[in-house]
Number of protein chains: 2
Amino acid sequence: MGITERREREKEEVRNKILDAARDLFAREGYEAVTMRRIAEAIEYSPTTIYNHFEDKDDLVRCLCDGDFGQLLSALQTQPVPADPVVWIRQLGLAYTRFALSFPNHYRFMFMTAPDIEVHEDHESFPGHLAFGVLRRAVAGAVEGGRFRAGSVDTMALHLWIALHGAISLLITMRPEHWPVPVPPDLVEQVLENSIRGFLREPPPQEKR
Amino acid sequence: MGITERREREKEEVRNKILDAARDLFAREGYEAVTMRRIAEAIEYSPTTIYNHFEDKDDLVRCLCDGDFGQLLSALQTQPVPADPVVWIRQLGLAYTRFALSFPNHYRFMFMTAPDIEVHEDHESFPGHLAFGVLRRAVAGAVEGGRFRAGSVDTMALHLWIALHGAISLLITMRPEHWPVPVPPDLVEQVLENSIRGFLREPPPQEKR
DNA sequence: CTTTCTGGCTTAACGTTGTTATCATTGCTC
DNA sequence: GAGCAATGATAACAACGTTAAGCCAGAAAG
């Protein structure tokens, strides 16, 4: 009865080789560069073999991004939760940013590209939702702890996400020389700090410098 | 001497027919649907004719977006400037949003897609810069008028733009059912108002409601 | 041991795409 | 009328995603 297991293991192995080759192309050169034929050449299989493991190119890249984003998520969930929920929020935002800017093509595909057709029928499994759940918990902690002013936790978490996404997506899309003003190196931190400040119950102490 | 003028006029005419056909395809079905052959069929010319008027497909779509975005810009510059700079900022943000959500493919191409190669060598002519210039003037007015707290006008305008872009780009990309929380219909207005509030010198009066 | 069958893989091909090389035609210039 | 510049069309190329057809090792059945 170990035969089918070995077969499945071999199949999984090929699947991972495909994903590795695709990840390499994707991370370095983007979606357009991920070509069935280039993947096939890299793993020394024929292009059609890929279709035994993935429905089509979109399915492949989606599996790739879901998996890699899942790793970010587990990193978010694994790292220790600071006592101060505001510190926690800052930490989450920076981890999110670091991932996005390290894997801009992943981020672009997941949050800046409209899917062709209906996908992720069970919306809860989408890694983005789980990541958002973590952020929401942090915001809820800040509200309960009195650090944030009262209000809709969902709305505040949403606004934080939107602000981060705005800065990140523009950084990914536009080259620095195309911006209307010089881009400060800590732009995302600024935006994050600004948004947080808008939700604080009391203005931050003035002893800052 | 009217001959060359007539020739240029005819050439311009064909160019406009190309742009019109392309705009129709682009606005309705997006970048991928804009096909040299479909454009050619629509205008009853051969596909290669398009290359007499545009360098390649990217050049075509870029000209299209630049032109259409230029119209938004002139609308921004034409409309009367309110006495209250904060009202002005709100007005600019809403006009920007209306354009983006009315022409999501235009917006996607201009602000959510990385250009393949160097483009727009003279950065000042990029319509986005001019639009940002208007916003900066409005913010400067708010600072000078004492409505906004003191600080870098560039930074405040940048943060406003980023917040708007974050909300708009997510609305364009994600279908409502994929959001982690229900999307309020006035999301962009919320975000805009929130950002403005963060820059106000004094908290807004409480007579609201 | 032989036969059957099944799943994984390849070869070859189809239909599109952007783009280019080549050529014809038109009509201005001299 | 000869040359020339521009405009357009035909045909083709290379690359793409994807699919149909068949090959073939190896498990399953007799």
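This is a predicted model: local features need pLDDT of at least 70, side-chain atom pairs count only at pLDDT 80 or more; totals for chains, interfaces and linings use all residues.
Figure 1. Helix 1 (2–29) of chain A and helix 2 (36–43) of chain B each supply at least two residues of the surface near DNA strand C. The most is given by helix 1 of chain A, with 3 residues.

**Figure 2. Domains of chain A.** Two domains divide chain A: domain 1 covers residues 1–54, and domain 2 covers residues 65–208. Between the C-alpha centres of domain 1 and domain 2 of chain A there is a separation of 32 Å.

**Figure 3. Relation of chain B to chain A.** Two copies of a chain are related by a rotation about an axis and a shift along it. Here, chain B is superposed on chain A by a rotation of 180° with 0.0 Å of shift along the axis, at an RMSD of 0.1 Å. That is the relation of a two-fold axis. Both copies use the same surface, in that 100% of the contact residues of chain B recur in chain A. Among the residues of chain B, Gly166(B) comes closest to the rotation axis, its C-alpha lying at 1.7 Å.

**Figure 4. Side of chain B that touches chain A.** The contact brings together 28 residues of chain B and 28 residues of chain A. On the side of chain B, two or more residues come from each of helix 6 (127–144), helix 7 and helix 8 (187–199). Helix 7 of chain B provides the largest share, 11 residues. The residues on this side of chain B are 13 nonpolar, 12 polar and 3 charged.

**Figure 5. Packing of helix 7 of chain A with helix 7 of chain B.** Two packed helices are described by the angle between their axes and the distance between the axes. For helix 7 (residues 153–173) of chain A and helix 7 (residues 153–173) of chain B, the angle is about 90° and the axes are 7 Å apart. Angles of 65 to 115 degrees count as roughly perpendicular, and the two helices are therefore roughly perpendicular to each other. Helix 7 of chain A contributes Ile162(A), Ala163(A), His165(A), Gly166(A), Ala167(A), Ser169(A) and Leu170(A). These meet Ile162(B), Ala163(B), His165(B), Gly166(B), Ala167(B), Ser169(B) and Leu170(B) in helix 7 of chain B. The residues of this helix contact divide into 8 nonpolar and 6 polar, with no charged residues.

Notes: Residues are numbered from 1 along each chain as its sequence is written. Chains are lettered from A and ligands numbered from 1 in the order in which they are written. Copies are superposed by least squares on the C-alpha atoms of residues with pLDDT of at least 70 in both. Two residues are in contact if their C-beta atoms, placed from the backbone, lie within 7 Å. Domain bounds come from an automatic or database domain assignment. Helices (H or I, at least four residues) and strands (E, at least two) are DSSP runs, numbered from the N terminus. Axes are lines fitted to C-alpha atoms, for helices over the stretch in contact, and angles run from 0 to 180 degrees between N-to-C directions. Angles under 35 degrees count as roughly parallel, over 145 as roughly antiparallel, 65 to 115 as roughly perpendicular and the rest as oblique. Ala, Val, Leu, Ile, Met, Phe, Trp, Tyr, Cys and Pro count as nonpolar, Asp, Glu, Lys and Arg as charged, and the others, Gly among them, as polar.
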